[in-house]
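Student: I should like to go through this model with you, one question at a time. Please show the sequence and the structure.

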Amino acid sequence: MKTVKSKFKFKGGVHPDYNKELARDGAIERLPLPKELAVSMSQHLGAPARCLVKAGDFVRRGQVIGEKAGFISVCVRSPADGKVKAVEKRVGAAGAMADAVLIDTTASLPEDAPPPPVLAPMDWSSATREELLGRIEEAGICGMGGAGFPTAVKLNPPPGKRCEYLVLNGAECEPYLTADYRVMLERAPRIRLGVEIMRKVLGLPAVRIAIEANKPEAIAAMEAAFADIEGNVEIVVLPVLYPQGSEKHQIYATVGRVVPEPPALPIDVGCVVENVGTVAAIADAVELGEPLLERVTTVSGDAVATPKNVLAPSGTRYADLLEFCGGATERPAKVISGGTMMGFAVSSLDIGTTKTTSGLLFLSRRRVFQYSSQACINCGRCLRACPMNLNPAEISKAMEVDDVKTAEDAHVMDCIECGACSFGCPAYRAITQFCRKAKNSIRARIAAERAAAAAAKASDGAAKKEAK
Amino acid sequence: MRAMSYYLMILVGAVLVNNFVLSRFLGCCPFLGVSKKTETALGMSGAVVFVMTIASAVTWCLDHWLLAPNNLGYIHTLAFILVIASLVQFIDIAMKRFLPPLHAALGIFLPLITTNCAVLGAAEINCKQGTGFFEAVFFSFSAALGFGFALVIFSGIREKLAHADPPRCFRGIALALVTGGLLSLAFMGFSGLVKLPY
Amino acid sequence: MIIAIVCIAGIGLVAAVSLALADKYLAVKEDPRIGMVTAVLPGANCGGCGFAGCDAYARALVEGTAPNGACAAGGEACAAAVAKILGVEATATERRVALVKCCGTRSESIRLGDYNGICDCATAAATAGGDKGCRFGCLGYGACANVCPKNAISVSDGLAKVDKRLCIGCGKCVKACPKHLIELVPASATIHVLCNNPVRGPEVRKVCGVGCMGCHLCEKNSGGKEAGHFTFDGFLAKVNYDNPPTDPSIVAKCPAKCMAEDPHFETGH
C-alpha cells in the first residue's frame, strides 16, 4: 500500500467556492425516526421498482416494498416499521414523477404482524462470489455518489470483460458536500472491509483510492485503515479540481485510461468506479445483514442554523432534515438537492430523500445570483472549462433555435452535465440546460425510432403469419 | 513543366483570383438559393463541376466546328443556351436510368442549372479567349471548382448565421446578401496573386 | 442570315429529337397518380399522417400501404379527392382539433418558485417538475406553440390556447407537451373540461382556483351516469368525445369553473 500523487490531469475543469468548512467538522448524527416517510420507487438509475404494498398495509423495517423491475433496477425496502398511508405519484428531486409509498411510522402495529425480515450475516471470506452478489442485490444497493447505478449489475461485468482496476471514489468535488468525507473519517474500517469483499467479487483487481488533496484527514484515515492490506492498493491524491469526482475523469486521473464515448462503460477499459459510501454499505449488507435503508446526507448552506452530516433513513422529507439542523436562519432563496454544481433545485420540502441524496443545501439570497441569460459573446471560456473537450458554445447556440442535429454532430451525448460551462459563462447562459435539452430530445428520438422499428417488425411478422 | 505551371495558374486564377461568384458575379442565384446547408451546397457544387466541364467541351466543339467556320460568332450565345439546356436535360434522363445513386445525389440540382449563367459564362469566356480544347475544358472545370469553393464557404457561414438572432429586417436573404458582399471583399485580397492567362 | 437560321433550327432539331428519344427509351416510369395525389394534398408537410411529408404520404397512398383519410389537415374534401383519383372509397374522418386541457392562468394558479432557465416546457418540467404548483397543468413556456406548423397556438397569461380555425389537427403539439395535457378532440364538440389534474379536490384547491375536483355534478346535470357523457379518472372528469354533452347550461353549473363552452379562441387571422 502506498500513497501517490495523480500523474494524469484532465483538460478543463473549474474551481468553484467549496464552502466545505460549514459541515466538514460535524460528526455524523443520526436523525430520530421521522413521523412520516415518503419512500420513492425510483431511487436508482433504470427501471423504477414495482410497488408491492397498498394503502392500509403494515410494513416492517427491512421488508421489500418495491421489487426489482428489470435488469438495471434494484429493490426498495421499507426503512422503518409503520403503516402505509398512501401510494401515489410524487415529484422526485429531479422533477420526474414516480410512485412513492407514504409510511406513517407512528402507527402501532397489530399483534399478529410478521416479524421484520432479517438477512443473515455472512462470512465474506467463505461465501461464494454469487452469494455475495446476491446479497448486494437483495440489500437494494445502488451507487450512492449521485447517479444511482445498481451496484450488483456493476460488479458483475459481462462475459469477456475483466475488471483490472477498482477505483474508489472519495473525491467529493461538489461544493458544500462533506458526507463522503465524514464516512471516510468515521467508517474507514467498514470501507476497508467493503473493498476486500468487492475485490473478491471482481476477481482481485488492483485498487485505487482517489481522494482530493484538500482532504488530508481523509487521506490519513484511509492510510491507517489500509496500512496492512495485501495486493496492489494505492491511495491516489488528486489535485483539487471540479469535476474530479466524475467517473470518467477519475479513471483518467488514477489509471490514465480514457473511457470511449457512450454507450461504452468504464468496464470497457477494465475499470469499476464505486463511491466510498456504497463500499461501506456493501460491508454492512454482507457482514451485518443490514440492507441499504439509510445514508449520510450533508445538510448545509448559509441559510441553515447548524449545518450537519445527518444519517437519515431514505424517504425522510426535506422539511424534517431542515428541522433537525435547527431550521432556517432566514428564508432560503434556493433549495438544492445534491451539490451546487450538479444538484437539482427543488420546489417543495415535502420531497423525500433517496439512496442518492448526498446533500441538501439551503442558500440565502446572498449566495443565489439571479441572472438573465444573454447572447453568446464567443469568448470560449466554456470550451476551456469543458472537461469532455466539447464545444458548449456551439451546442447552446444551436439549441437556442432547436437545431438538435448540430448539437448531435457536436457530440452532445458525451456531455456529463457537470455544469463547468455554465459556471464560468460571462453571459450567464444556461449552457448545461441546453445540453440537457439536446440530450433529452435525442434520447426521445432514439426511443421513438426503436419503438417504430419494433412495431414495424411486429406488424411485418403478423402479416407474414397471415400469409402463411 | 511549363505546361504544368500554366495549368496551375489557370486553376489558381479561376478558383481564387477571378472567382466566378465572388469577382465575376456569375451564378448568383444558386449561390443564394442552395447555400443554407453545407450538405446541399456540396451536392450543388458537384453538379456544377459535372455540367460545366461537359458543357464547355460540347460548346467548344460547336463553336470551332460549326459556328466559327460559318462566320456565325454573333449567334453563339443563342446556340449555347439551346445546347446546354438540352444537354443538361439529356444528362438528367440518362443519369436517372443508368446511374441512379449519382442521380439521387445530384439529380435535384441538375434542372436548376439548365440555364445557369455560370455555365453559359464559362462557355462564353472560352469562346472569347479562343483557347485550345484542353485549356478550355480545364478552365471550366477550375471555374466550377471555384464556384463550389465559394458556395461551401458561404453555406458554412450561413449555417452559423442560422443560430444568430439578427434584427427582423436583416433576417433571411438580406443578411445572406450582406455576407456574400463581405465574402466578395475578402476574395479581393487574392487579386494579383498570379499573372493571369485569362 | 439564312445560314444562321438554319444553323439554330438544326441544332434545335437535333436536341429535340435526342431528348424525345431519350424520354421514350431511357425514362424511368413513375405512377402518374403520385403526382396527382400530391397535388390534392394540402402540401403543409406537417407529418400528421405519420409520413415524412405530403409527397411520402401520396406515394404510400398510391402503393396502397397507407389508409386514405389519415390527412387531418385536408379533411374530408381532401380524402374524397384522393379517393376519386385512386378509385377507392374514402374512410370518413371527422375534423379534429387540439385542445389544451388546462385553464389555470397565472392569476388562478400558484407558482412554487421562480424558474430562471431556458424557455422550454420539457426543460422546465425536468427542473423540479416546473414552477407551476399544479403538477399536471400547463407550464406556459410554449413548446406546443413552437412546433405548431400553422401558428395556431399562442401563449398568454401562462396558458397555451389553440385557435380552432387554424388548427389542422396534426398532433405535433400533443407530442411536444411534457405534461400530456393536449388532446385532439372532434371539432364539433363544444363542451370541454379544461383540467388535467386527477388528484383529490382539496389537493387541487391548494394549487389552483379552477381545478376539477371530481364532484360528478357535470355528469348529474347532463343526465346521469347512463347518459355516458363523462368518464372519470380518479378525481378528474373527462368528456366522452364519442358521445359529447350538448347542453351548454351544465358549464355554468360546474362549481370548480373548469368547464367551458368552445374555449378555442380565435385570433381573427
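Student: Into which domains is chain C divided?

Tutor: This is a predicted model, in which local features need pLDDT of at least 70, side-chain atom pairs count only at pLDDT 80 or more, and totals for chains, interfaces and linings use all residues. Residues are numbered from 1 along each chain as its sequence is written, and chains are lettered from A and ligands numbered from 1 in the order in which they are written. Domain bounds come from an automatic or database domain assignment. For chain C they give domain 1 (32-86) and domain 2 (96-261).

Student: How many residues of each domain of chain C take part in the contact?

Tutor: The centres of domain 1 of chain C and domain 2 of chain C, taken over C-alpha atoms, are 31 Å apart. Two residues are in contact if their C-beta atoms, placed from the backbone, lie within 7 Å. By this criterion, the contact takes six residues from domain 1 of chain C and seven residues from domain 2 of chain C.

Student: What distance separates the end C-alpha atoms of helix α1 of chain C?

Tutor: Helices (H or I, at least four residues) and strands (E, at least two) are DSSP runs, numbered from the N terminus. The expected span of a helix is 1.5 Å times one less than its number of residues, so the 25 residues of helix α1 (residues 2-26) of chain C should span 36 Å. The end C-alpha atoms agree with this, at a distance of 35 Å.

Student: Which residue of β7(C) is the bridge partner of Thr231(C)?

Tutor: Two strands pair if DSSP finds at least two bridges between them. Strand β6 (residues 230-233) of chain C and strand β7 (residues 236-239) of chain C pair in the antiparallel sense over four bridges. Within β7(C), the partner of Thr231(C) is Lys238(C).

Student: How many helices and strands does chain B have?

Tutor: From the N terminus on, the elements of chain B run α-α-α-α-α-α-α-α. The count is therefore eight helices and zero strands.

Student: What is the radius of gyration of chain B?

Tutor: The radius of gyration is taken over C-alpha atoms, and the globule rule is 2.2 Å times the number of residues to the power 0.38. For 198 residues, a compact globule would have a value near 16 Å. Chain B agrees with this, at 18 Å.

Student: How many residues of chain C are in contact with chain B?

Tutor: On the side of chain B, 15 residues take part. On the side of chain C, the number is 14.
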